[in-house]
Amino acid sequence: MKKFLLSILMATALTACGEKAETSKENEKPVVKIGAILPLTGNSASLGEACKSGLLKAQRENKSQNLKYDYELIFENNLGTTSATAQAANKLVYQDKVDVVITFLNGMGYVVAPISENKDILHFCGTFQKADLKPLGKTSFVQGTSIEELQSKIIEVIKSKNISDIAIISVNFSNAAQMMEILESKLKKENIRTSLNVFNPGERDFRILIEKLKKEGFTHYYVSAFPPETDIIVKQLHDANIENQYILGQGIDLGNNNDLYNGITCFSLTLGSQKFIDEVSQEYDLTNIYGAGVNYNIFNLIVNSYENTPSENIKPSTNDLINYIKNTKKFECIGGNCVVSDNNLIKTPPTLRTYKDGKPLVLE
Amino acid sequence: MEYLINLAILFGIYSMLALSLNLVVGMSGLVSLAQAAFYGIGAYATAIGMTSLGLGFFTTILLGMVINAVIAFVVGKILARFQGDIYAIVSAGLSIIVFSILLNWKSVTNGPLGIFGIGKPEIAGYTFYSNSAFLLLTLVFTLVIFAIYWWIDRSSFGRVLKALREDEKLTQIMGYKTKYYKSVIFVLSAALSGIAGSFFASYIAFIDPSTFQLKEGIFLFTIIIVGGLSSARGSVIGALILISLPEILRFIGLPYETAAQMQQIIYGAMLLLMMIFKPQGLFGNYRM
């Protein structure tokens, strides 16, 4: 027993003490290490895989260019939990000594922000943004789509379709329900009859709710959920004979059964151009591409910053990089320009899409 | 080194949780899945106390302990009427109820958005800001809980709990009010779990309800099963193994395409093997 325990302690200590070289052996270019903390297993694994694909695609495309640095990606699984996120961040920051950390969704960003700030390391968090979102920290940037912009787009589409009533079904997770509360009040201001129905993650049966909403005379539905609930709700809407074209999906994101969504209008944070979506879907065999675009943009923004920030040392300092990003203000990104605000928020426009033959089709 | 310190902090927090759970499950034979709920209440007491009420860390620890004790006292009255599988199901129900409250009572808990910016402990002007100082404080509290476990284990109170675990009816015949003993140990265990929650909130600096789901209760249960039921050192060793094993697996150099999935498979397989060869856990004094 003592040997067993000793071996565990030794293994932890040894693995924790190992360090890797900071330059690549091929061409001796300095290496910029980028650590990505994503939910690669568990309920949100499809989201994590999409984010990973966006990063890998950006890395592969940048490799073919003549750059000052090599960009190495290190992926860590956070299982979608805060404690695993903290451990992954500590491993990346203190053990792998990464130069940049990437996270996805606000909650994980909040956990990593103090760790990155403590070690003066650049941190990017991809997510939806609310106008009054408090900045994560000095060294952290939030990159994503503003809720206000997204909702203006939703209302614009609803009005263009002459929709006079819409029932919202939203999961109570992350900022999804909060976003829907804001949407509900905006719809009411536009004199559109609405009803907000929030459910807890893990619920599976929405048939009674759908019947109730049908009886109340709702003909249009807005679904804001994560997989697998998204698939389940939409399937149950179909079963209740609610036609596809009347369903507006949030796409936070859709599940793995894209045929369910044919004809549905979906809104989401930046997904990228049609070409980008097709490429990512094919290259990485993905049905869910949510998060790929944001992470692709983040990787390119990191490359852009490192390549263009002058430095007297081997690599530019975090402070210089932050100043470069803030001063540049506008970066070319897929799905439109990334606009940097003073409080470290990097805004990208929302993507409007539909599905045809089970494949995503960008509308704008 | 800093990485190991962070790992040790989590180890300390989970040791506190495992010790407090083992008081109920190992020592008393009550299959409780409610520990994640008390862990969460402790964490939220600190988060809300420090960010909204301006209380100090140690005051919020007391606050969390008191809230947990009151809830556990009320729920314990109901739980004391059950044993075995029914006890497990009812306690799991408590865990789900608390999770739903944390998720939906937005005006207090901020709902699914969670609470961030939770501060560090402070004593007489000294802030435990560095990880090594925080670790020291965590280990002190872990030792205190370890000592409480050790003291109960050797007390006449502990002996009654063990008798209750082996045969509740016989213990009643001997003249002991088993419902009282079950309630007291449940209240004590809940209060101690709250301490771990407070440390977790301060360490991570951000909490949301997703951390305190039933699956966390099952994870804590796994710790004491692997380490050994009714054993203080089993609780600590169980926490050490289950916290360090996934971290060791991060370093084994699997291809990045499947590394995360493979790590989970290896982790599961190792736990399975441990249970095959050591079904009573590493230091277990009692087998379910």
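User: What share of the contacts in chain A between residues at least 6 apart in sequence join residues at least 24 apart?

Analyst: That share is 66%, with contact meaning heavy atoms within 4.5 Å. Bear in mind that this is a predicted model, where local features need pLDDT of at least 70, side-chain atom pairs count only at pLDDT 80 or more, and totals for chains, interfaces and linings use all residues. Residues are numbered from 1 along each chain as its sequence is written, and side-chain values use heavy atoms, leaving out hydrogens and water.

User: Why is α5(A) called oblique to α6(A)?

Analyst: The axes of α5 (residues 147-160) and α6 (residues 176-189) of chain A come within 11 Å and cross at roughly 45°. Angles under 35 degrees count as roughly parallel, over 145 as roughly antiparallel, 65 to 115 as roughly perpendicular and the rest as oblique. So α5(A) is oblique to α6(A).

User: Which residues meet there, and how do they divide into nonpolar, polar and charged?

Analyst: Among them, A:Ile154 and A:Ile158 sit on the α5(A) side, and A:Leu183 and A:Lys186 on the α6(A) side. The contact has nine nonpolar, one polar and two charged residues. Here Ala, Val, Leu, Ile, Met, Phe, Trp, Tyr, Cys and Pro count as nonpolar, Asp, Glu, Lys and Arg as charged, and the others, Gly among them, as polar.

User: How much of chain A counts as buried?

Analyst: Of its 364 residues, 60% do; buried means under 20% relative accessible area, exposed over 50%, and partly exposed in between, with a 1.4 Å probe and protein chains only.

Technical notes: Chains are lettered from A and ligands numbered from 1 in the order in which they are written. Axes are lines fitted to C-alpha atoms, for helices over the stretch in contact, and angles run from 0 to 180 degrees between N-to-C directions. Helices (H or I, at least four residues) and strands (E, at least two) are DSSP runs, numbered from the N terminus.
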